[in-house]
Amino acid sequence: MRRARILVAFLVVALAAGPAAAQISDGVIKIGVLNDQSSLYADLAGQGSVVAARMAVEDYGADKKGLKVEIVSADHQNKPDVGSQIARQWFDADKVDVIVDVPNSGVALAINQIAKDKGKAMLVSGAATADLSGKACSPNTIHWTYDTWALANGTGNAIVKTGGDTWFFLTSDYAFGHALERDTEAVVLKAGGKVVGKVRHPLNTQDFSSFLLQAQASKAKIIGLANAGGDTTNAIKQGAEFGIVRGGQNFAGLLVFITDVHALGLPTAQGLIMTETFYWDMNDKTRAFAKRFAERDRGIHPTMIHAGVYSAVTHYLKAVEALKGDDGTKVIAKMKEMPTDDALFGKGTVRADGRKIHPAYLFEVKKPTESKGAWDYYKLRATIPAEQAFRPIDQGDCPLVKK
Amino acid sequence: MPAPAGADVAETAAARVPRHQVQAFAAMVGVLVAAPFFVYPVFLMKALCFALFACAFNLLIGYVGLLSFGHAAFLGSAGYASAHAAKVWGFPPEAAIVFGTLVAALLGGAIGALTIRSRGIYFANITLAFAQMIFFFAVQASFTGGEDGIQAVPRGTLLGVLDLRQTHTMYFTVLGIFLLGFLIVYRAIHSPFGQVLKAIRENEPRAVSLGYRAEHYKLIAFALSATLAGLAGATKAIVFQLASLTDVHWTMSGEVVLMTLLGGLGTIFGPVVGAFIVIGLENYLAQLGAWVTIVQGAIFVVCVLTFRRGVVGELGRIIRKPL
Amino acid sequence: MPAGEEITLFGVPTQALFGQLLIGLINGAFYALLSLGLSVIFGLLNIINFAHGAQYMMGAFAAYFLLQWAGLGYWASLLVAPIAIGVVGIVIERTMLKRLYHLDHLYGLLLTFGVALVIEGVFRNEFGSSGLPYGIPSQLTGSYNLGFMFLPKYRAWVVLFSLAVCVATWYVIERTKLGAYLRAATENPTLVQAFGINVPRMITLTYGFGVALAALAGVLAAPIYQVNPLMGANMIIVVFAVVVIGGMGSIVGSIVTGFGLGVVEGFTKVFYPEASSTVIFVIMALVLLVRPAGLFGRTA
């Protein structure tokens, strides 16, 4: 009888005590890589981001400089409450100083708030929402790599200027999809184009034939895919089946990563136009990085998310060294003060609203005959200079920016 | 569902609570009161909310014999209602939680009225259908914030006195709410009402022939289960300061089944233990990515094949008294 | 097509509407094939096979691997993949499901739910979530110009093949001696066993057959939907809804409902596309309220 009680009590406490067991004293810089490791975004971020963070710490030479750096990682499963609970535990109990990556805008926004409440730091590489440097901007967060505005601006503008002036939107019926559609539509209209139709599909739609038929009937020159992940790849694959490109229309991928192109294969993905802020085959430095990265990550070449994690962690360590401390708010402020320079993004800056600035690139997917092998997928169509690539600082409604 | 372990013995003396159960309850309270000083309290609060959710679910499946595959609808809707009330209407936390619970109660009554005539797999399916419709509503409605959810919900001050931003204050509030819900479930089961439910589960036509309106009793049990699930959801929204689509997704309904099954269907303490184990595992395995689903699936399989009574059910069998 | 005037119905040009209707029928055929396996297993064995989605996904992956490792193309995969995955199904039945027959159906549901989680987790771990490319077989590329739309040849094939398999399965189960034994064995296993028929083996083979049907649908899907570990999870509750609406235990019911759903979904995609993945649940709720056992169902 007593044994049973004790057993139950022991079970509960033992199982619950697990997560809190690892207590590390300060004097260590602890970096937490939080992202999706098991579902939609596992390939474009996932374990690769952890590898990128480790490479950043090693390349920075942390041990030689006498800095102790530790990296932990966890899977937020694309759930805001799981992500938020891990973040709280990391910040409160596990002495994590900065959380990086966080794809999935819902989770990123939740953690953005927590980091602000607790005075810690957050470096976002994976999430897309431009609100992170807009309405939801915070003195504890820097939004690295990309956002919906940059993608809409790059792809939308460049395509209209090269003749793609009538658009049909295929939008995922989620806040993120709506935002992408809204931002791109604004850019298209401003550049003199027209939007001749839109259709919103539920998330995780398997069959796009009906929507593709509507897109074909609209006779728009460009079909804008305001969705991501499986929805984008399914739409493109079925578009090839229905002869979209043969019929004279083109797909514009508003959020496409090199891992998606890899999953589709060049015969299906050729001709796709998209904007990214990093490509592994741009110059010698990026190629060298990609080679080392691929060796450590099952042959996968780095996406812009991975590159962003590398770049952000590098700059963070520089700021911590200069500041000789790791207080979240202070480090972020220091990161905004110091100009950035790394092998992957070159020179750049971090603005007052927390937006990292660097050039963006318009890419087109090569034809199978133009590619020399796996991962050789993109050709460069245009470069958008850093000052034009991101939303102007006064248009974001960020409370940190004085008008 | 056939009669689960433990529900048969002590029912005859419905008025007196068996001594071993009092002792088990005291042990549980003791552990939970001491725990936040050793274990990260936010994790404990999450586990407590889910434990309450699982107890509510267990009421329906363990004692009425109905497997609902749509209980997430109540958890999530109450969460949205409570989050909205606290953030947009400025309700103090206790009012927000009560509001959320009421929303779940109304939803439970409405859905219950429509579904209670079904049984077995049909019941599971029709509850799933309604839950999917609520999920769709949550995606479309603007106040829910779509996949971003309702963020930055204020914790506020309880009864104008206790600042819930203090973790320990929040914890003991949640513990209080959990114990309240737990005791309501216990009282419902060990009462004449609970006896009738048992009779209905064992032999419905006979219960009806004795003059009991079975549908009424089942509906009340359903609504009660929904209300307590709502209480869990509304509290969770205040603790985590957010309400999101995860809580109305059908996989959440699957998780509560897992917790209850693992802990022990139809036992009193089973859902609590099951919830703590599952949440603990999720935490532990978060570092390992995709392994969480694999382990959860494996637990399902093992439990169904060899461990059908669940942790507490087996314990109850060992000590030969229902827990 | 005369210049200028276009006939419209509900504000949509009739041409477009015909196109959508045809797409709806094609998808309906696919849904019917997809739900066939589930319906056979529940109808004949009273097992609720929640692992159906995972088995569908394994069928698609099997097609991919047969191509990669054995150079076997699409046509060979149509035969080999279902058999391979059917064998996996048989293993699951022999080792695990068999022990639950004496219990409530819901334990079978929970077991197969767990199996599905494990299979999908393992595949996700191994293959990520972006998916793998699988092309349309060369004999079926290109499209037919129907005037009101271009119909891809592969889709036409899907409709014809699905219809053929559905009809063949229904025929075997309802009209042949083998099917009669099967149906008798589920109603009264002891009696049928007394006649000398190996009932447990029939049950195992039937389960394997149902799983093979799921895998067959997976091979059919591989060229048009991305082969990825999440493909099963996304559609399992839809397939369930089809079977439930049709009436659990009625093969005709799930075939008819599959087609019906395809058409209804097709129309929803034109007039209220955001709701196209929820409309099935509304229909399920309505049907179950009016006819609790489904449209063609037997006892509730």
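Which salt bridge do the side chains of E241(A) and R155(C) meet in, and at what N to O distance? They come together at 2.7 Å, N to O, where a salt bridge is a side-chain nitrogen of Lys or Arg within 4 Å of a carboxyl oxygen of Asp or Glu.

## About the model

This is a predicted model, in which local features need pLDDT of at least 70, side-chain atom pairs count only at pLDDT 80 or more, and totals for chains, interfaces and linings use all residues. Residues are numbered from 1 along each chain as its sequence is written, chains are lettered from A in the order in which they are written, and side-chain values use heavy atoms, without hydrogens and water.

## Where chain C meets chain A

Across this interface the rule finds two salt bridges. Chain C brings 34 residues to the contact and chain A 29 residues, with contact meaning heavy atoms within 4.5 Å. Together they bury about 2,700 Å², 49% of it on carbon and sulfur atoms; buried area is the accessible area (1.4 Å probe) lost on putting the two parts together, summed over both.

In chain A, β11, β12 and β13 form an open antiparallel sheet in the order β11-β12-β13. Strands here are DSSP runs of E, at least two residues long, and two of them pair if DSSP finds at least two bridges between them. β11 (340–342) and β13 (356–357) of chain A stand at the edges with a single partner strand each, so one side of each has no neighbour in the sheet.

β11(A) pairs with β12(A), residues 346–350, over three bridges. In β12(A), G346(A) is the bridge partner of D342(A).

Methods:
Helix = DSSP H or I, 4+ residues; strand = E, 2+ residues; numbered from the N terminus.
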